[in-house]
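My notes follow in the order I looked things up.

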Amino acid sequence: MNPGSALASRRIVGVALRALLGRRGGDLGRVSSGPKRAEDMRGVRFCSSRMWPALIFTLLSIQPGHGQTCTEGFAYDRRARQCIDVDECRILPDACRGDMRCVNQYGGYLCLPQGLYSQPIRPDYPGQVEQVFPDASDGYSDTALPDRPRSAEPSYPIIRTSAQCILGYALAEDGTCNDIDECETNSHHCNPTQVCINTAGGYTCSCTEGYWLIGGQCQDIDECRYGYCQQLCANVPGSYSCSCNRGFILDPEGRACRDVNECLDQPCSHSCFNTYGSFMCSCEEGFELTSDGTSCIDLDECSFSEFLCQHRCVNAPGSFSCICPPGYYVYEDGRSCEDINECDTGNNTCTTEQVCFNFQGGHTCLNPLQCPPPYIEVSDNQCMCSAENPACRDKPFTILYRHMDLSSGRIVPADIFQMQATTRYPGAFYIFQIKSGNEGREFYMRQTSNVSATLVLSRPIKGPREVVLDLEMVTINNVINFRGSSIIRLTIFVSAHPF
Ligand SMILES: [Ca+2]
Ligand SMILES: [Ca+2]
Ligand SMILES: [Ca+2]
Ligand SMILES: [Ca+2]
């Protein structure tokens, strides 16, 4: 290398170093003031003596075309493949003049008055381990480094450095790099529909809850389409709301519906059965559910059928009862009427001389038989008129008293009574007829044999009524030229009711 080219090289190095440090000079000027030229000269001297390799490395690292350029205060480390801080205090022994102490900083250095510099400086750069300066190995050892509590921060003046922070960070007044809140400073590029979320060294654009990112836009999620609600769903921007059908209540979690137990509120007048989504009322026997589905009203059983009771139906709340007319009692089936046999129960006023005769719906007291003259009594129910007695001529030979009862409205024709000759004479024949009491022509006699006949009810008869029929049996014997008759005086008690 000839002297000329060596000088040229030195010049280039000197200019390059100035380029490297020059812009820092402004910031540091307040502390490390001095003629620029002297600085330049020191730089040249420094270069020519000790730090050739480092400077060449530095120069190479800022050469364009290497693919990596580092910002001021940093140099590209090929092995680490990244920009690393340049320790100006090491490579520039005269970085600070006089009593000023050089303190390396991340991306720059500080010149501090010796008196102020009694504390380790811990540049708090993100991701950087705590650094303690000065380093005893670099020849700038300071004897007094009291181990003060960390809370006592160094009191050196805040000095601006030109060191830049990595993308997303900004240099604060205390020299640290603070994260830029792009969201706060409105320097983000989030879509108006998106929400900006600041992160360390950056930010993200996101959608708020209820929205999702479609084509770069935050669009409302239609939760209803995705079955968020069990029953009813209403989509709203950013949210949704579920509701339930009648009979259901929304679960506290807001999506599922569960059955309401309506029975707890006792909506039914009688029994309540809870069902899924509803409830059912039922009524006790004898009541029916009204159209409102909850109230129970008495069932009028009597209106169902007129045949429910034999006599009369009486409705009652929840039930009904049958009643019978006087002289009857309600049979054990609860509906039929049974005659009270007053003669058996003793519930009669007949005297001891009288004979109690029971019939349907009543009774009567029959007086002792008194045969009308010229009849004489031959038994307790038969009178006779003697043939020897002239007064008995043309009169029936005997009168037999009989009693029977008959239901009102009995279906006709009905055989109701039989009569028969008890004594038979050879050659005699008999004629049976109704002699009296059949003015209404309700009865007739039907002969059933030579010696017998039946009384037939031919027309409906209505009670209460007492019918007295004289049934005559005429005996004719042409051989001996005899004609005589006997009477059965039949008293028929026709009841007031058809039972
Ligand atoms: Ca929605
Ligand atoms: Ca229910
Ligand atoms: Ca009833
Ligand atoms: Ca009776």
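**Six-stranded sheet.** I began with an open sheet of six strands, ordered β25-β26-β27-β33-β32-β29, with mixed pairing. I took helices (H or I, at least four residues) and strands (E, at least two) as DSSP runs numbered from the N terminus. I counted two strands as paired if DSSP finds at least two bridges between them. β25 (376–379) and β29 are the edge strands, each with a single partner, so one side of each has no neighbour in the sheet. From one strand to the next the twist averages 30 degrees. Axes here are lines fitted to C-alpha atoms, for helices over the stretch in contact, and angles run from 0 to 180 degrees between N-to-C directions.

I then checked β32 against β33: they pair antiparallel over 13 bridges. E466 has F493 in β33 as its bridge partner.

**Ground rules.** I noted that this is a predicted model, where local features need pLDDT of at least 70, side-chain atom pairs count only at pLDDT 80 or more, and totals for chains, interfaces and linings use all residues. Residues are numbered from 1 along each chain as its sequence is written, chains are lettered from A and ligands numbered from 1 in the order in which they are written, and side-chain values use heavy atoms, with hydrogens and water left out.

**Largest pocket.** Next I looked for open space. The largest pocket holds about 800 Å³. The search used a 1 Å grid over the protein atoms alone; a pocket is an open set of points where a 1.4 Å probe fits, with protein on both sides within 12 Å along at least five of seven lines, and lining residues have an atom within 4 Å of a point. Grid points are joined across faces, edges and corners, and the volume is the space filled by probe spheres set on the points.

I found 34 residues lining this pocket, with F397, T398, G484, S485 and S486 nearest its centre. Elements giving two or more residues are β27 (398–406), β28 (414–420), β29 (428–436), β32 (465–477) and β33 (482–494). β33 gives the largest share, seven residues. By type, the lining has 15 nonpolar, 12 polar and seven charged residues. Ala, Val, Leu, Ile, Met, Phe, Trp, Tyr, Cys and Pro count as nonpolar, Asp, Glu, Lys and Arg as charged, and the others, Gly among them, as polar.

**Three-stranded sheet.** I moved on to the open antiparallel sheet β28-β31-β30. β28 and β30 (443–447) are its edges, each pairing on one side only. Its neighbouring strands are turned by 25 degrees against each other on average, direction ignored. β28 and β31 (residues 452–457) run antiparallel, joined by six bridges. A414 stands opposite L457 in β31.

**Calcium sites.** Which protein donors hold the calcium ion (ligand 4)? I listed D339 (OD), D339 (OD), I340 (O), E342 (OE), N358 (OD1), F359 (O) and G362 (O), at 2.2 to 2.8 Å. Donors are N, O and S atoms within 2.8 Å of the metal (3.2 Å for Na, K and Ca); water is not among the atoms, so sites may look incomplete. I340 lies in the loop between β22 (337–339) and α5 (342–345) and N358 in strand β23 (residues 355–359), so the pair ties together parts 18 residues apart in sequence.

For the calcium ion (ligand 2) I listed D259 (OD), D259 (OD), V260 (O), E262 (OE), N274 (OD1), T275 (O) and S278 (O), at 2.3 to 2.9 Å. Their spacing along the chain is D-V-x1-E-x11-N-T-x2-S.

**Hairpin.** I checked β11 (residues 232–236) and β12 (residues 239–243): five bridges join them, antiparallel. C233 has C242 in β12 as its bridge partner. Two residues separate the strands of this hairpin, and G238 in the turn has a positive phi of about 85 degrees.

Most residues other than glycine have a negative phi, and most peptide bonds are trans. I noted a cis bond from P373 to P374, omega near 0 degrees. P374 lies in the loop between β24 (362–366) and β25. The bond from G463 to P464 is also cis, omega near -5 degrees. P464 lies in the loop between β31 and β32. D394 is not a glycine, yet has a positive phi of about 65 degrees.
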